[in-house]
Each structure stands twice: as C-alpha cells, then as structure tokens.
Amino acid sequence: MKFKTKLAITFATIILLPVLLSLIAFLALGTLFVRTADRANGIETTDYSMMSDSIDAFSHGTDDLFNMILEKARSDPGRLEDREYLAGLNSTAVNKSSYIIVRKGEELYYTGNLSAANIIFDRLPDYGQENERADAGVYFSDLRKLVKQVDFLFLDQSPGSAFIVTRITSIFSRSFMIDMFLAIVLILVLTSLLLTQWIHMSVFAPINRLNLAMQKIAEGNFDYTLESTDENEIGELYRNYEDMRLRLKESTEEKVVNEGQNRELISNITHDLKTPITAIKGYVEGIIDGVADTPEKREKYLRTIYTKANDMDRLINELTYYSSIDNNRIPYNFQRILVADFFEDCVEDVGLDLESKGIRLDYSNLVSPGTRIIADPEQLKKVINNIVGNSIKYMDKAEGEIDIRLLDEVDSIRVEIEDNGKGIATKDLANIFERFYRTDASRNSTKGGSGIGLSIVKKIIEDHGGYIWATSKEGEGTCLHFVIRKYREAKENE
C-alpha cells in the first residue's frame with residue numbers, strides 16, 4: 001500500500017471510526033443498563049423497550065403477579081384476607097421493585113411498605129374504577145409510580161381492592177450520560193492509539209527491521225532475511241536488500257563450506273585414528289610389561305600391532321573418503337565374500353582387543369555354510385570396528401560382554417552386535433545415526449569420538465543395499481542390527 005493511500009485511510013478513519021464506535025458504545029451501554037434494570041427489578045425484556053418506554057417494560061414485569069391476584073380474586077377471594085398470604089405476595093413484589101396494598105372499604109387493610117403507602121393511599125382509584133385493561137395500570141407521573149388494581153369482595157361482602165405499586169426508573173439517567181461521555185472520550189483515545197500503532201507497524205517498524213538487517217550484514221550475518229509482498233516503497237526497499245544479501249552470501253558461501261568440510265575432516269580422522277592408536281599402545285605395553293611371555297604370544301601381539309598400523313595407514317590414505325561423504329563419492333571395492341570366513345577373521349581381530357580390556361566376546365553363526373554377500377571387506381570391517389569400538393567406550397560393567405551373532409533371514413543375513421553397557425536413552429535412540437550427534441554432549445576426550453562413527457556406519461550399510469537400526473535399554477545394554485542381502489548365483493534359465 002502506497003504512503004499516499006495510507007494517508008487517505010488515516011483521514012477517513014479519524015472521521016468514521018469514532019462515529020461507528022460511539023454508536024456501538026451507545027447500544028452496548030443501553031443494553032447494559034437494560035440488563036441491570038432487569039436484574040434490579042426482577043423483569044426480563046426481550047427487546048429495547050425500556051430505552052424508549054420504561055413504563056411498559058416495568059408493567060410487563062409484574063404481569064405474572066397481577067394475574068395471580070386476579071385469579072385469587074375470582075376463585076378464592078378469602079385468600080386475599082389472609083395477611084400471611086399477602087406477605088408472601090409482597091415478597092414476590094419486592095423482587096420486582098413493587099409492593100402490595102390491600103384496601104377494605106376506605107381503610108388500609110394491608111401494605112408491604114407503610115411509609116410509601118401513606119403517600120399514595122389517598123390517590124388510589126376507587127372500588128369499581130378499573131380501566132378496560134386493568135393489567136396496564138395507572139401511572140402517577142409526579143410520584144413515578146405505576147398502580148395496577150384488582151377489585152374483590154371480602155367474606156363479609158365489604159368492597160376491597162388489591163393494588164400492585166411499582167416504582168418506575170428511567171434508563172436515560174445521569175449515570176448513563178456520564179458513562180456515555182466517558183465512552184466517547186475512550187473511543188477518541190482508542191482511535192488515536194490505533195492510528196498511531198498502525199502507522200508505527202506499517203512504516204516505522206519495517207524501517208527498523210531494515211536497519212537491523214543492515215547491521216546484521218555489517219556483522220557478517222547473511223542469513224537474516226526480509227520478506228515483503230507489499231508493492232509500496234517499503235516492499236521495494238526489502239527486495240533491494242534481499243538482492244544485495246543473496247549476492248554477498250553467494251560470494252562467501254564457498255569459503256564457509258570449505259571451512260566446514262575441513263573441520264569435519266579433522267573430526268572424522270581424529271575419531272577413527274584413536275581406536276587403532278589405543279590398541280597399539282595397549283599391545284606395546286603388554287610386551288614391555290611381559291604379558292606376552294611366550295614367543296607365540298609375542299608374535300601374536302606384534303602381528304596385531306602390525307595390523308593396527310596398517311589400519312592407521314589405510315585411514316590416512318582415505319582422507320578423500322571422509323571428505324566425499326556428503327557427495328556420495330565413497331570409494332568401494334565390492335567383492336563376493338564368504339560370510340563365515342569374513343566374520344571369523346573380524347572376530348579374531350577384535351577378540352584380542354576385548355581380551356586385553358577384560359571384555360568377554362561371544363560369537364555365534366547361524367547362517368548356512370557357503371552363504372556369500374557382495375560387500376567391500378574393508379568398509380564392512382570398518383562397520384564392525386566402529387560398532388565394537390562404541391561398545392567398548394560405553395562399557396560400564398565390571399564384567400563386560402559383547403555378543404556377535406549372524407542370523408539367516410532367507411534372502412538376507414542379519415548381524416547383531418550386542419553389549420551389556422550403559423545403554424541409550426529412548427529419547428536419543430532415534431538420533432544416534434545422525435552425524436555429530438552425541439548422547440552425552442559433555443563427554444571429554446577420554447571417551448574419544450566425535451559423534452560421526454555411527455553415521456559412517458549407516459552410510460556404508462546403506463551403500464551396500466542394507467539397513468541398520470538399534471535397540472537399547474538404559475542400564476542393560478545396546479544391540480546394533482544390520483541386514484545385507486545374500487549373493488545368489490543366477491540360474492541359466494534366468
């Protein structure tokens with residue numbers, strides 16, 4: 001909306017809005033006064049008659065009481081001699097801003113309000129002077145009293161009259177006028193506030209947001225966006241800002257991406273180098289301390305050290321592998337491998353590490369002999385090492401256990417690696433395969449890892465056409481499951 005249009009709307013609002021709100025206030029206050037009078041006088045109006053004809057409204061309020069007295073006068077006039085019954089009628093009348101007077105002959109027989117009755121008694125209509133519509137009553141304007149009359153005969157045949165005297169109040173009182181004046185003042189103030197707020201929100205606030213956005217640009221934050229569909233001057237400023245922001249962001253985006261990849265690369269390599277380094281140190285300490293006290297055992301330790309050194313060498317040679325994770329360019333060397341032989345080698349390899357740490361390893365193979373899969377042995381071995389390494393890091397039991405199970409799933413094999421460690425909380429279980437996610441964000445370097453190990457595991461398994469998931473119970477342990485399809489030779493007729 002153009003500024004010129006905003007000025008025209010502001011001018012129209014200054015004139016029309018107060019008029020409209022004043023009309024609404026008049027109706028609202030009138031309704032409030034009507035409802036207040038209804039509650040005070042025990043009547044219920046279904047329209048706004050009290051605002052134009054309060055006498056008629058108050059008259060209708062005592063119709064039920066009048067009809068009750070009229071019915072008694074016709075069917076059982078003796079009841080109107082009973083002062084207790086009359087007191088009950090008067091209690092009903094009081095709730096309708098009225099009271100009862102009963103006259104016997106020319107004498108006052110009963111009244112529910114003696115002081116008020118003394119004022120009006122001499123002016124009450126004579127016996128037999130009921131008008132054609134007795135329920136409409138007679139109105140004494142100077143006293144502001146409405147009188148309804150019912151004639152009857154006492155048991156001694158004396159003429160009697162029962163009167164319902166109602167006090168009439170006006171809706172358009174001084175209180176109403178004061179409230180209306182205050183409402184108009186409030187409306188003017190409200191109109192002023194609304195217009196001020198509208199101008200602030202449509203002009204000053206957008207300019208302030210643009211000013212803040214320019215400060216963000218100066219600080220190097222190019223992600224602070226400003227969106228506007230307006231076709232006015234502010235919208236044009238916002239679109240110019242967005243064009244500038246996108247150009248600046250594009251010029252710096254490549255640098256930010258490269259820095260992020262470098263940090264990720266360092267974290268990945270640090271995570272994966274820590275496991276073989278720790279193993280090498282452990283076996284060297286075993287040799288130095290004389291744990292390997294036989295030539296065969298020393299040879300076994302040295303071969304393991306050599307294997308771990310080769311693993312480190314491979315990790316260093318695979319720098320491009322880590323930097324290519326997000327680009328789906330991980331190098332694979334897929335082969336047909338025999339499941340039983342491959343996993344026996346893996347178990348033997350990790351068994352020495354677990355033995356040196358006092359962790360028992362159980363291995364079971366329920367896969368049919370001769371079962372093969374298509375896989376990259378090195379990458380699949382990385383999966384096993386990463387999962388077992390995580391189990392070791394989070395082992396909190398004095399007698400640690402790791403079970404590796406191979407299960408036959410008809411067209412696939414399922415590998416389960418289960419430990420009795422600390423387990424994973426339910427809230428974290430769904431996120432453990434996300435890159436850089438840590439179930440314990442505050443863990444220190446003694447635990448190792450950067451939170452990418454399981455994300456690498458998931459990537460490798462999925463690239464093998466399989467899938468992986470985890471189950472866990474806190475305090476009891478965790479089990480990683482992954483499934484890989486079997487290799488099946490094609491038949492001649494296929």
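The protein contains 14 helices and 12 strands; helices (H or I, at least four residues) and strands (E, at least two) are DSSP runs, numbered from the N terminus. The model is predicted, so local features need pLDDT of at least 70 and side-chain atom pairs count only at pLDDT 80 or more, while totals for chains, interfaces and linings use all residues. Residues are numbered from 1 along each chain as its sequence is written, and side-chain values use heavy atoms, with hydrogens and water left out.

Colour the whole chain by accessibility.

**First stop: the antiparallel sheet**

Select β1 to β5. These 5 strands form an open sheet in the order β2-β1-β5-β4-β3, with antiparallel pairing; two strands pair if DSSP finds at least two bridges between them. The edges are β2 and β3 (138-140), each with a single partner strand, so one side of each has no neighbour in the sheet. From one strand to the next, the twist averages 30°.

Now show β1 with β5 (residues 159-167). The two strands run antiparallel and are joined by 7 bridges; Arg103 has Ser161 of β5 as its bridge partner. Helix α5 packs on the sheet, touching β1 and β2, and its direction makes about 150° with that of β1. Such angles run from 0 to 180 degrees between N-to-C directions, with axes as lines fitted to C-alpha atoms, for helices over the stretch in contact.

**Second stop: helix α5**

Select residues 83-94. The buried residues of α5 are Tyr85, Leu86, Leu89, Asn90 and Ala93. Seen down the helix axis, they fall within an arc of 145°, so they line one face of α5; the arc is that of the directions from the helix axis to the C-beta atoms. Their cover includes α4 (63-75), β1 (98-104) and β2 (107-111), where contact means heavy atoms within 4.5 Å.

Technical notes
Buried means under 20% relative accessible area, exposed over 50%, partly exposed in between (1.4 Å probe, protein chains only).
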